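User: Please take a close look at one part of this model, a strand pairing and what surrounds it. I would like one connected account.

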Amino acid sequence: MKVTVQADAGCSWTVAGLPDWVTYTGPAFVSGTGTATFVVAPHPGDARSASISIAGFPVTITQAACAYSFSPAGQVFAPSGGG
């Protein structure tokens with residue numbers, strides 16, 4: 001899953017709060033517009049979910065036995081970026 005964060009060149013943002021079953025494959029600290037790429041590990045068991053933070057905004061990852069989703073699926077933030 002890829003999430004694109006659009007921010008001004010001097011506006012920094014991070015990804016935080018990942019559970020052990022989700023891996024973020026981008027840099028630890030990003031300034032300006034960038035793409036956050038996530039890898040969700042396979043899970044054959046009961047549904048699970050986690051709340052993470054992308055650019056200071058809450059995002060929920062929900063995974064059933066063979067599928068996953070991000071919520072909200074899309075959102076537009078002000079040009080000043082996340083907190």
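Analyst: Threonine 23 sits across from valine 39 of strand 6. This is a predicted model. The two strands involved, strand 4 and strand 6, run antiparallel and are joined by three bridges. They belong to an open sheet of three strands, ordered 1-6-4 and paired in the antiparallel sense. Strand 1 (2-5) and strand 4 form the edges, each pairing on one side only. On average, neighbouring strands in this sheet are turned by 25 degrees against each other, direction ignored.

The structure holds one aromatic pair. The ring centres of tyrosine 24 and phenylalanine 38 are 5.6 Å apart and the planes stand at 40 degrees, so the pair counts as tilted; planes under 30 degrees apart would be stacked, and over 60 edge-to-face. The pair links distant parts of the chain, with tyrosine 24 in strand 4 (residues 22-24) and phenylalanine 38 in strand 6 (residues 34-40), 14 residues apart. Both tyrosine 24 and phenylalanine 38 are buried.

Beyond its neighbours within four places in sequence, phenylalanine 38 contacts a set of residues that includes Val22, Thr23 and Tyr24. Met1, Val3, Val15, Leu18, Ile52, Ile54 and Phe70 are also among the contacts of phenylalanine 38.

In soluble globular proteins, nonpolar side chains tend to be buried together. Here the largest nonpolar core has 19 residues, and Trp13, Tyr24, Phe38 and Ile54 touch the most other members. At least two residues of this core come from each of strand 4, strand 6, strand 7 and strand 8 (57-63).

Ile54 leads on to the pairings of strand 7. Isoleucine 54 is the bridge partner of valine 15, and strand 3 (residues 15-16) pairs with strand 7 in the antiparallel sense over two bridges. Strand 7 also runs antiparallel to strand 8, to which seven bridges join it. Within that pairing, serine 53 stands opposite proline 58 of strand 8. The hairpin of strand 7 and strand 8 has two residues between the strands, and alanine 55 takes a positive phi near 55 degrees there.

The loop that leads from strand 6 to strand 7 (48-54) holds histidine 43. With a relative accessible area of 17%, histidine 43 is buried, because the cut-off for that class is under 20%. A polar atom of the histidine 43 side chain lies 2.5 Å from the backbone oxygen of aspartate 46.

Note on methods
Residues are numbered from 1 along each chain as its sequence is written. This is a predicted model: local features need pLDDT of at least 70, side-chain atom pairs count only at pLDDT 80 or more; totals for chains, interfaces and linings use all residues. Side-chain values use heavy atoms; hydrogens and water are left out. Rings of Phe, Tyr and Trp (its six-membered ring) pair if their centres lie within 6.5 Å; planes under 30 degrees apart count as stacked, over 60 as edge-to-face and the rest as tilted. Helices (H or I, at least four residues) and strands (E, at least two) are DSSP runs, numbered from the N terminus. Buried means under 20% relative accessible area, exposed over 50%, partly exposed in between (1.4 Å probe, protein chains only). A polar contact is a pair of N or O atoms within 3.5 Å; within protein, one must be able to donate a hydrogen and the other to accept it, and residues adjacent in sequence count only if both atoms are side-chain atoms. A nonpolar core is a set of buried Ala, Val, Leu, Ile, Met, Phe, Trp, Tyr and Cys residues joined through side-chain atoms within 4.5 Å. Contact means heavy atoms within 4.5 Å. Two strands pair if DSSP finds at least two bridges between them. Axes are lines fitted to C-alpha atoms, for helices over the stretch in contact, and angles run from 0 to 180 degrees between N-to-C directions.
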